[in-house]
Each structure stands twice: as structure tokens, then as C-alpha cells.
Amino acid sequence: MAGIFSKIIKGEITSYKVYEDEKCYAFLDINPNAAGHTLCVTKKEVDKVFDLSEDDYNHLMQFSRKVALAIRKAIPCKRVGMSVIGLEVPHVHVHLIPLNSMEDATFQNKQSLTPEEFQATVVKIQDCL
Ligand code: 5GP
């Protein structure tokens with residue numbers, strides 16, 4: 001059965017889509033550590049990042065770098081952090097998180113954004129891609 005991120009990629013569940021290419025899909029995390037927190041997901045539904053083929057792994061990293069550079073331009077922050085966790089959703093994804101403090105990297109201090117704020121964030125990042 002398709003997982004939640006595969007349903008998002010297919011458009012069966014809505015998301016604030018940032019960018020996609022033939023192998024990956026980027027969208028805003030619905031429960032962000034900070035505004036601009038973005039997930040870069042492989043279209044192939046693989047559980048663990050180091051089980052990706054070398055080509056797919058390298059592609060995901062290149063894709064994530066492109067999105068991270070846009071986030072860095074669009075969202076005021078000290079730097080963009082990158083995490084791969086997957087304990088909640090077993091479908092390979094890279095978290096890109098605008099960081100101003102170590103707290104922003106801890107997944108303990110969540111921000112709630114309105115739909116308008118999510119949409120405005122997407123537009124700002126897309127304008128920098
Ligand atoms: P992880 O699997 O890396 O521990 O975390 C999964 C991440 O996916 C979490 O940060 C969570 O907020 C996010 N997430 C889970 N379900 C959805 C969803 O339906 N839509 C979006 N946009 N993000 C989700």
C-alpha cells in the first residue's frame with residue numbers, strides 16, 4: 001500500500017509543493033521546526049536512505065542542495081540544516097531546516113503557520129530556485 005508521501009507525490013493528499021524533478025519532490029513540512037522547513041522526498045518509496053542506489057542517493061543530495069540554496073536566499077536564517085531521520089514516515093526524505101539556534105534542529109519546538117503563511121513561504125522559496 002502506498003505510504004503518505006507517495007500519496008502526496010501523486011497529488012492524492014495536498015501539500016505545499018516547492019519543487020519537483022523526475023526523481024524527487026520537495027514540499028513544506030506540515031509541522032515545521034521553523035518557517036521554510038522543507039522535505040525532499042524520493043519518488044521511489046524506499047524506507048532507509050542508505051538503501052538507495054548510489055545514483056538515487058547522489059541525485060537526492062543534488063536535488064536537496066538546489067532546494068537548500070533557494071531556502072537560504074528566501075528565508076532569513078543563520079544557515080540551513082539538513083537531517084535524515086525517517087522514524088515517523090518510512091519513506092526516504094531529507095529535512096531542510098532554516099536554523100537560527102540549536103533548538104530549531106531538535107524537532108521539539110514546533111511552529112504553527114496559517115495556510116496563508118505556508119503558501120507565502122512556498123512562493124518565496126520558489127522565487128529563489
Ligand atoms: P521523520 O519520518 O523524518 O521522523 O519525520 C517525518 C516528517 O514528516 C515530520 O516532520 C512530519 O511533520 C512530516 N509529515 C508527516 N505527515 C505529513 C503530511 O501529511 N504532510 C506534510 N507536509 N508533512 C508531513
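In this predicted model, a backbone N or O atom of Val-89 lies 2.8 Å from an oxygen atom of the ligand, a polar contact in the sense of a pair of N or O atoms within 3.5 Å (within protein, one must be able to donate a hydrogen and the other to accept it, and residues adjacent in sequence count only if both atoms are side-chain atoms). Gly-86 also places a polar backbone atom 2.8 Å from an oxygen atom of the ligand. Asp-29 uses its side chain instead, with an N or O atom 2.5 Å from a ligand oxygen. On its own, the ligand has 520 Å² of accessible area, and the protein covers 87% of this; accessible areas come from the Shrake-Rupley method with a 1.4 Å probe, and for residues only the protein chains shown count as cover.

Helices (H or I, at least four residues) and strands (E, at least two) are DSSP runs, numbered from the N terminus.

Cys-24 belongs to strand β2 and is buried at 1% relative accessible area, buried being under 20%, exposed over 50% and partly exposed in between (1.4 Å probe, protein chains only). The C-alpha atoms of Cys-24 and His-59 are 8.3 Å apart, although 35 residues separate the two in sequence. Thr-42 sits in strand β3 (residues 38–42) and is likewise buried, with a relative accessible area of 4%. A polar atom of the Thr-42 side chain lies 2.8 Å from the backbone oxygen of Lys-44.

Between β5 and α3 (115–127), the loop includes Phe-107, which counts as partly exposed because its relative accessibility is 23%. The phi of Phe-107 is near 65°, a positive value in a residue other than glycine. Most residues other than glycine have a negative phi. Ser-101 lies in the loop between β5 and α3 as well and is partly exposed, at 36% relative accessible area. Glu-12, in the loop between α1 and β1 (17–20), is exposed, with a relative accessible area of 54%. The C-alpha atoms of Glu-12 and Ser-112 are 23 Å apart, for a separation of 100 residues along the chain.

A few conventions apply throughout. Residues are numbered from 1 along each chain as its sequence is written, and side-chain values use heavy atoms, with hydrogens and water left out. As the model is predicted, local features need pLDDT of at least 70 and side-chain atom pairs count only at pLDDT 80 or more, whereas totals for chains, interfaces and linings use all residues.
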